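Please go through the briefing below with the structure open.

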Amino acid sequence: MSDSGTLSYQWYSSTTSSNSGGAAISGATSASYAAPTLAAGTTYYYVVVTNTNSSATGSQTATATSNAAKLTVNAAVSSAPTGLTAIAGNGQVALTWNGISETVTYSVYKGTASGFYGLTPIATVSGTTYSYTVTGLTNGATYYFAVTTSNAGGSSNYSNEVSATPKAPTPGESSTTSETGFSGGETNTATIAAASGGTTRLNGATIEVPAGAMASNIQVTVDKVSDTSILPLDSALQLVSEVYEIKKDKDGEFSKPIVITLPFDKTKVDFGKSTIGIYWLNEQTHKWVSLDSLKVDEENGTVSGTVSHFTKFAVLASDKAKPVQPQTNEAEFADIKGHWSEENVRELVKLGAIKGYPDNTFKPNANITRAEFVTVIVNAFHLEEQDGKIFADTETHWAKSAITTAAAKGIIAGYSDNSFGPDELINREQMAAIIVRAAKLAATDLSVNSPDSVDISDWARKALATATAKGLINGYEDGTLKPKVNTTRAEAVAVILRALHAQP
C-alpha cells in the first residue's frame, strides 16, 4: 500500500482461521495490538489497514487485510490441595482436604513408602468433593497419601503427604476415631468454595453446601463436645449421638438450606417406640430445635436434615406421640380467634376432617406430621378404607389405616417400599405431591417461577407447578415457595380446603 495519505487501523478477532467475518475490537485502532491472555482458548486476530489520500485522483481510499494470526492461551494449572488430613479406622482411612477453586477433579494417590505413590490414582472425585475414604486396607500397615488437582491446564503437584495406620478396634473403642499423619493435632477443617459448593465429611459429620449458598469461600470446622453434661436437654429428649459443634470462618446464615448428616448409636433407639431427628441448640433459649426435612436411615444409623446456620448439633430421640382424643367444638378453640386461618379451620372441623386438642387449642402454627396430614386427606376427601400397601414403619402406627388407604389409592408412595416416615414433619413440596394426587388435578405444562425454584426436588416439580397454578399453594411475600420448609397445621388446612373446592 502506498505510503501517501493517512493510514488507519482496525483490529478484528475471530474463532476461525480466517481474515474475514471477525468481530471488530473496540478501541483497537493502532498499528499494533496487545491481545488479552487471561481466558484460555484459541483466538485469531487480523488487522484491516485503510489508506486515505484526499489529494488522490479517483478513489481516495484503499484497504488491505493482513493474514490471521493464531493465539492460543493455555489454561493455568490449579494449585495443589492443602490441609490434607487422614483419620485411620478399621481397615480404612478417611481423607479430607481443602478445596481449590477452578478444579475439575481431585485424584487420590496411595503408597506404602513416603513419597512413592505410583502413576495411577486409586480414586478420582469431582471438584466439589473434598473427602474420600480409602477401604480394603490392612490393619497394622502404614499407608501414605497425597492428592492432586486437575483442570483444562493439566494436573497440579502433590498436596502435603499424610500417613495413617489402620487398626482393628479394641473392645469398647470406636472403629473410626484414631487420627494420625499430620502435625499440630486434630484440625477437622475443610474449605468449601462458594461458587460450586460441595460435600465434606469431618469428624463423623457430613455437610452438604449447595452452590451459591454463601458469598465467599468458607472454612468449616467440626469438633465433638467432650462434656455434654453442661448442655441443656429436655426431659422428653434422649441423646443418642455425640454432640457436634460445627463452625465456619465467616459470619452470617446461608442463603440456601444446607444438609447435615450425623451418625447415631442404634443400640440406644427402639424404633417402634421412639422418633429420632437432628436438632440444633438455640444458645439464647437453651432449647433444642429440630432441623427441617428430616430423613432417617435406620439400617446405617444416620439421620439428615436441613438448616441455614451452624451451631451445635446432635441426634435426639423422643417417645412417639400417642394419638389423643381431640375435641371437636371449633367455637372453643382458644388460639384461632383473629388468626388468618380461623375461617378455614372452622370449615374443615365442621367437615369432620380435622380436630383440635383437649386443652381447647388448635395449634395453627404447629407443624404437622406426614401421618397427620394423610389422615386429614382421607377424612376430607371421604376416602373409603381400603387394604393395600403396609410400610414397615406403619404396621403398628395409629394412622396405619389412613396411610394404607392413601397408598392403595395411589395418593402416597413413601420413601421406599419399607419406609413412609409417618412421624416425620411434612414439608411443602411433599404436601403438594399428595394434595394434587388426592384432588385428581390434571398436571400443568407450566413451570415453577420463583426465586428458589432450584431448591425444588425433581420429583416434586410437576406437582408443585400444578398446585401453584391451581392456586392451592401460594408463595411468600418475597416470592419464594420454600419447598423444603415444614408445613404448619394452618397451612395444611388452607391447602386441603382449596383442593376440595378445586376438584374437577
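The points below are grouped by topic and concern a predicted model.

**Confidence**
- The chain has a mean pLDDT of 85, and 92% of its residues reach 70 or more.
- Residues 171-186 have pLDDT below 50, and this stretch has 30 contacts in the model beyond near neighbours in sequence.
- Over residues 323-330 pLDDT stays under 50, with 21 contacts beyond four places in sequence.

**Nonpolar cores**
- The largest nonpolar core holds 52 residues; those touching the most other members are Leu95, Trp97, Val220, Ile246, Ile260, Ile278 and Phe313.
- A second, separate core has 51 residues, including Val349, Ile434, Ala465 and Leu500.
- Beyond four places in sequence, the contacts of Leu95 include Leu84, Val108, Tyr130, Phe145 and Val162.

**Histidine 309**
- Histidine 309 sits in the loop between strand 25 (302-307) and strand 26 (312-319).
- Its relative accessible area is 16%, so histidine 309 is buried.

**Salt bridges**
- The count of salt bridges is 9.
- Glutamate 342 pairs with arginine 346 in a salt bridge, with the closest N and O atoms 3.1 Å apart.
- These two residues are about one helical turn apart, because they are 4 residues apart in helix 1 (residues 342-350).
- Glutamate 342 is buried at 14% relative accessibility, whereas arginine 346 is partly exposed at 22%.
- Aspartate 458 and arginine 461 form a salt bridge at 3.7 Å between the closest N and O atoms.
- Aspartate 458 is exposed at 68% relative accessibility, and arginine 461 is partly exposed at 31%.
- Shared partners link Glu245, Glu283 and Lys312 into one salt-bridge network.

Note on methods: Residues numbered from 1 in each chain as written. Predicted model: local features only at pLDDT ≥ 70, side-chain atom pairs only at ≥ 80, totals over all residues. Heavy atoms only, no water. Core = buried A, V, L, I, M, F, W, Y, C linked by side-chain atoms within 4.5 Å. Buried < 20%, exposed > 50% of the residue type's maximum accessible area, 1.4 Å probe, protein only. Contact = heavy atoms within 4.5 Å. pLDDT = per-residue confidence, 0-100. Salt bridge = Lys/Arg side-chain N within 4 Å of Asp/Glu carboxyl O.
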